[in-house]
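Entries follow in the order I checked them.

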Amino acid sequence: MDRELHGRLDELQRDPYPHYERARHAEGLTHVAELDAWLVARDADVREVLRRPEDFSSANALTPDVLPGPAALAVLGSGFGGRPVVVTADGTEHQRLRAPIVRGLSPARVAAVLPYAAERAAALVDGFMKDGHVELMSAYAGKLPGEVIGRIVGLDPADVPAVVHGGHRAEELLFRPLAEDEQIAAAEDVVAMQHILDRYARERHAAPREDLCTELVTSVVGEHELTLEHRHELVAHLQNLLIAGHLTTTALIGTTVLHLLRHPRQWELLCAEPERIPAAVEEAARHDTALQGFRRVTTGPVTLAGTELPPGTVLFVAFGAANRDPSRHPRPDEFDITRPPERHLAFGLGVHGCPGSQLAREQLRLTLEELTRRLPRLRLADDRPVTMRPTMIHRSPESLHLTW
């Protein structure tokens with residue numbers, strides 16, 4: 001992608017909503033050069049695509065914006081992974097990959113981890129409570145989700161920071177233009193994470209435990225010997241699960257707190273009436289969706305919104321656009337935690353609906369309970385303007401400076 005086009009992509013990613021609005025008003029679908037895809041922006045059309053996985057394949061869901069150079073690819077070649085994962089699989093392969101994750105993130109498993117999540121949320125707030133100011137993304141939002149998903153997977157807390165860092169670096173490597181030395185450094189961090197995950201796969205095969213890592217190992221390996229191919233598949237699986245489990249929730253925490261503090265009356269209402277917290281979680285997820293959308297590719301000739309699409313056509317299915325569609329959400333651009341609940345698409349829909357949505361919601365609920373109870377005078381720092389990260393995958397503030 002040339003520099004000018006990447007600059008336009010950056011601009012679109014930092015604020016995609018004007019593009020979505022134009023696409024919703026256009027006849028048929030709109031092709032967006034920056035995304036190199038047809039933009040699916042209406043709620044009804046997004047739902048139709050998500051309900052027809054046989055016509056709209058997920059094989060290209062994680063297509064990178066940037067292809068790393070030869071030196072970085074050589075480093076990545078010394079790691080593990082590179083196998084199909086649940087987000088990019090279709091049909092029976094998707095069902096096979098998804099089943100252990102659904103079991104591992106069951107309501108019972110989520111309920112079991114909540115006391116730990118509450119304890120860690122309180123401890124993180126303890127860490128900055130007396131300072132009078134905090135950069136929330138690094139001090140809290142970037143830590144809690146990794147610790148919680150790490151606990152469910154079965155990671156030693158000492159390994160969580162390197163795994164979380166490796167996830168961030170994997171996203172950077174595939175979605176940000178980096179100089180060659182930075183690409184190599186990022187690839188080294190990704191490979192370091194992969195070697196940690198490979199160690200867990202080998203350890204759990206040798207000595208199973210009651211955790212999601214063991215569940216995955218059992219689903220992939222069964223009673224057989226652990227082969228190198230098994231190890232590649234397990235690392236790909238674990239890497240995808242962990243990145244989805246922490247980066248998305250980190251983003252959701254950041255955008256939720258940002259919008260609540262940009263609307264001080266709603267923040268005050270939430271502090272006075274904490275029973276509104278679940279509604280605030282849903283409104284934040286709808287209003288500024290962390291996962292803005294995924295790519296899909298047509299498996300045959302299809303017509304969508306009156307637009308004829310040949311086989312192999314790339315679509316960008318924008319959950320974030322559907323969540324601002326006035327045909328489903330009145331006053332869609334307003335952030336309003338008192339609005340009547342309406343089913344949104346922040347966590348997808350259908351066979352690819354996010355299996356970790358309940359875990360994300362619970363962490364956001366715990367976060368808002370902590371902050372409203374302990375820091376009711378919380379506000380945005382006047383001298384630190386907020387810039388959104390240029391990404392469609394984990395939309396959030398680059399940093400979030402708060403005072404009280």
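Does Asp10 count as buried or exposed, and at what relative accessibility? I am working from a predicted model. I looked up Asp10 and found 16% relative accessibility, so Asp10 counts as buried. The cut-off for buried is under 20%.

Next I checked the partner of Asp10. Asp10 forms a salt bridge with Arg176, with the closest N and O atoms 3.0 Å apart. Asp10 sits in helix H1 and Arg176 in the loop between helix H9 and helix H10, so this pair ties together parts 166 residues apart in sequence. My search of the whole structure returned 38 salt bridges.

I then looked inside H9. Glu172 pairs with Arg169 in a salt bridge, closest N and O atoms 2.9 Å apart. The two are three residues apart in the helix, about one helical turn. Glu172 is partly exposed at 27%, whereas Arg169 is buried at 10%.

I moved on to Glu342 and Arg328. Their salt bridge has its closest N and O atoms 3.1 Å apart. Both residues lie in the loop between H15 and H16, so the pair ties together parts 14 residues apart in sequence. Glu342 is partly exposed at 39%. Arg328 is partly exposed at 26%. Shared partners join Asp43, Arg47, Arg328 and Glu342 into one salt-bridge network.

Last entry: helix H2. I list Tyr17, Tyr20, Ala23 and Arg24 as its buried residues. They fall within an arc of 120° seen down the axis, so they line one face of H2. Exposed Arg22 and His25 are on the face turned away from the buried side. The cover over the buried residues of H2 includes strands E1, E2 and E8 and helices H14 and H15.

Definitions and conventions: Residues numbered from 1 in each chain as written. Predicted model: local features only at pLDDT ≥ 70, side-chain atom pairs only at ≥ 80, totals over all residues. Heavy atoms only, no water. Buried < 20%, exposed > 50% of the residue type's maximum accessible area, 1.4 Å probe, protein only. Helix = DSSP H or I, 4+ residues; strand = E, 2+ residues; numbered from the N terminus. Arc of directions from axis to C-beta. Contact = heavy atoms within 4.5 Å. Salt bridge = Lys/Arg side-chain N within 4 Å of Asp/Glu carboxyl O.
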